[in-house]
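Work through these exercises with the model open beside you. Try each task before you read its solution.

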Amino acid sequence: MKRTNNDMVISTASPHTIKKFELVAAYIESWAQKLINFRDCNRLVFIDCMCNSGIYRDDEKKEVKGTPLRVAKILSEVAHDHTDKQIYLYLNDKSQRKINELRKHLPQEGENFHIITNAMDRDDFLYEVGDQLCDCQGLHFFLFYDPYDANINWDPLVPFLRSWGEVLINHMVSDPVRAIQQVKRESKKEKYEDTYLTEFENLTPYGTDKAAYERRIEAIIQKLKGARRYFVGAFPFCNSQNSQMYNLIHGTGHIAGFKLYKQTAWKIFGGKSSTQTTRENPDQITLDFGDIEDDIRSLFYVSDIAKYLQKNYEGESDVPLSKLWKFLDYHPVFPSDGYREEIKKYLKNVYGAKFCKKVNPLTGKKETVISFRKGNLCNE
């Protein structure tokens, strides 16, 4: 049988994979710092059920640290600074050889810093960990579910989706796009049926429509998460040919985590919404105000956020600036933090918006308000 890159103990990490490591690590760093200071948070738990060996080589054969090692370093430092809180890492891979390699590179444990490694089937691992953690008080968890292909078993994920924690799923959308029309074996069909929770015949019309598969995954998450409100943010990762490989889909029951994930993703991508690099000039404003929400998975820049706000508030006067940021809080892709000054600059210089200070009659305090021009024309 041919040996694949994923079979190697130390495999090759492509640029988009390395960018994935960076996003997860950056988010965990911010996530941990926010939660560790909450009085009702006694334990932080990071779970990676398909963690690999933690060591990779890039295209130039240089060593690259993967998600578990980056996160372990971050959380060991958090534990050192907050000795009154307990921090746990649960790291699992089905390969004992990869776990053995991982253990060589992990930081030392401490009285309040614990690393539990396992070489188990991912589903068995999640059933076991879920039974231990999902009903615990004062515990906040982050689960990373990172399969090599579009192979998701939702049953062991349900307790995590319905608990007070966060889940990050790698949806390998390139898999069905490439293979769905050629699948003949029943076992392969069952894999897709389990991943998308529908009969295979219902999937074949999707064809190469990546957005259709993504919408299906997000609909499944919203159905399985229970009655509470749940926020889902998805960001695409593309290869060097600008072909989308996968989405990192983040789910949380708290708006603060949703906002933080969007802000972190845009920062890691360099002020845009994905690793895609197809638009030559992000400052070249187009005047096409098509439904931007129906195309949330395309490549967007800060200029697109300004265009979106102009479209929604066209002609309105004295809109509190705070209302704009609140409006962006709930957008599936656009961040409400991190790019405010740039957004205001676009609104003023491109769309002719006017800013001023006015007294809020409810609070008696001055606040910044914005008046939007009528019409979508840029400044003459």
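**Exercise 1. One side of a helix**

Find the buried residues of helix α12 (residues 321-329), then say where they lie around the axis.

*Solution.* This is a predicted model. Start with the list. Leu321, Leu324, Trp325, Leu328 and Asp329 are the buried residues of α12. Because they cover an arc of only 150° around the axis, they sit on the same side of α12. Recall the general rule: an α-helix has 3.6 residues a turn, so residues three or four places apart point the same way. Next, look for the packing partners. Among the elements that the buried residues of α12 pack against are the helices α10 (255-268), α11 (302-313) and α13 (340-349). The strands β11 (319-320), β12 (354-359) and β13 (366-371) are partners too.

**Exercise 2. A covered strand**

How many residues of strand β8 (residues 165-171) are buried, and on which faces?

*Solution.* Count first. Seven of the seven residues of β8 are buried. Now sort them by face. In a regular strand the side chains alternate between the two faces of the sheet. On one side of β8 you find Gly165, Val167, Ile169 and His171. On the other are Glu166, Leu168 and Asn170. Both faces are covered.

**Exercise 3. The neighbours of β8**

Determine the direction in which β8 pairs with β7 and with β10.

*Solution.* Take β7 (residues 139-145) to begin. Five bridges link β7 and β8, in the parallel sense. Then turn to β10 (residues 244-252). Six bridges join β10 to β8, and these two strands run antiparallel. Here Leu168 has His250 of β10 as its bridge partner.

**Exercise 4. Length of a helix**

Compare the span of helix α9 (residues 210-224) with the expected value.

*Solution.* α9 has 15 residues. From first C-alpha to last, α9 reaches 22 Å. That is close to the 21 Å expected at 1.5 Å a residue. Next, its buried residues: they include Tyr213, Ile217, Ile220, Ile221 and Leu224. Finally, look past the end. Gly226 follows α9, and its phi is positive, near 90°.

How values were computed:
Residues numbered from 1 in each chain as written. Predicted model: local features only at pLDDT ≥ 70, side-chain atom pairs only at ≥ 80, totals over all residues. Heavy atoms only, no water. Buried < 20%, exposed > 50% of the residue type's maximum accessible area, 1.4 Å probe, protein only. Helix = DSSP H or I, 4+ residues; strand = E, 2+ residues; numbered from the N terminus. Pairing = 2+ DSSP bridges. Expected span 1.5 Å × (residues − 1). Arc of directions from axis to C-beta. Contact = heavy atoms within 4.5 Å.
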